[in-house]
Amino acid sequence: MNNRVPMRNLIVLLVMALSTLADASESREIRYQSSADQSEQPAMFYAPASESPVPLVVALHTWSGNYKQRSHKAIEQWCIKHGWAYIHPDFRGANNRPEATGSELVVADIVSAVEYARETTQVDHSAIYLVGTSGGGYTALVMAGHHPEIWAGVSAWVPISDLAAWHAQGKHVEALEKSCGGAPGDSPAVDAEYAKRSPITFLSNAKGTTLHLHAGIKEKIVPISHSLLAFNELAAAKDRIPKEDITYFVKKRKVPQNLQTAPPDPNYGKNQPLFTRKSGNATVTIFDGGHKLVPTAATAWIQQVYNEKKN
């Protein structure tokens, strides 16, 4: 009897094995139904093989990006290495139209992405974390304000917190006007759009949520004031950062002398913390850098929050 496997079959088995290894080391494209309008929405998703519930990280793309963006690749790989689930939804793509930019559709899309992850793998409902950079940091704050009950921790890097203020600062003006129907001051209806799409309007709802805001001292795209004012919305009155200090941060790109400097942290590498303040569950950190995410600091913070809540 000939027990040898034909060469063609061996090749097929090898290809299948390699495909399995590839699937185990990266996320895959999926589609899920959004509760907003029952539409099929895309996302990149990784679900580890696990018999017990695992944490979930939801990563949000930047202002002009979409679900295929790779800016959170390091966080995705960290999740895979540690056996955590990971999802990177599209939430209507770039923020340049009314359907996107903090809309009700966006909020529902992200909630539905979390539900998809819960339905397709064993997710620890007490360990769902949200991370975003720039426009993704903005949307992370939107989600913290609208659905604080979902998140065990929110890590928002260089976020926009007030769209009308950002318009006045001359950033992404065309996209903002397309999203909100015009410029601030054009009409009460337009002003209402800017307000309802701005995290600052609803952020006080997230006072019980563990949330870490980050901004770079060399920031040129989203002024540091957005993170500092967002922190003030969450902080106790005694911990809020005075207006004159916020102005100094923005204009001088330095930490005011009256504010205590932050201790060094190896997780930030060359982008060391320069100032940090905590109030209740909210923390703000100004780091030595510009418009960026420091993945090692983000994942270290998520791991720390997870460990503290489990112990």
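How many nonpolar, polar and charged residues are in the lining of the largest cavity? Three nonpolar, four polar and three charged. Here Ala, Val, Leu, Ile, Met, Phe, Trp, Tyr, Cys and Pro count as nonpolar, Asp, Glu, Lys and Arg as charged, and the others, Gly among them, as polar.

This is a predicted model: local features need pLDDT of at least 70, side-chain atom pairs count only at pLDDT 80 or more, and totals for chains, interfaces and linings use all residues. Residues are numbered from 1 along each chain as its sequence is written, and side-chain values use heavy atoms, without hydrogens and water.

**Stop 1: the cavity**

Select Ser-27, Met-44, Tyr-67, Gln-69, Arg-70, His-72, Lys-73, Glu-76, Tyr-86 and His-88. They line the largest cavity. α2 and β4 (85-89) each give two or more residues to this lining. The space inside is about 40 Å³. A search of the whole structure finds one cavity of 30 Å³ or more. A cavity is a set of points on a 1 Å grid over the protein atoms alone where a 1.4 Å probe fits but cannot get out; lining residues have an atom within 4 Å of a point. Volume is the space filled by probe spheres set on the points, which are joined across faces, edges and corners.

**Stop 2: the helix pair**

Next, select α2 (residues 73-82) and α11 (residues 295-310). Helices are DSSP runs (H or I, at least four residues) and strands too (E, at least two), numbered from the N terminus. The two helices pack at about 40°, axes 9 Å apart. α2 is therefore oblique to α11. Axes are lines fitted to C-alpha atoms, for helices over the stretch in contact, and angles run from 0 to 180 degrees between N-to-C directions.

Now show Ala-74, Ile-75, Trp-78 and His-82 in α2. They meet Pro-295, Ala-298, Thr-299 and Gln-303 in α11, with contact meaning heavy atoms within 4.5 Å. These contact residues divide into five nonpolar, three polar and no charged.

Technical notes:
Parallel < 35°, antiparallel > 145°, perpendicular 65-115°, else oblique. 1 Å grid on protein atoms, 1.4 Å probe; cavity = no way out; pocket = protein on both sides within 12 Å on 5 of 7 lines; lining within 4 Å.
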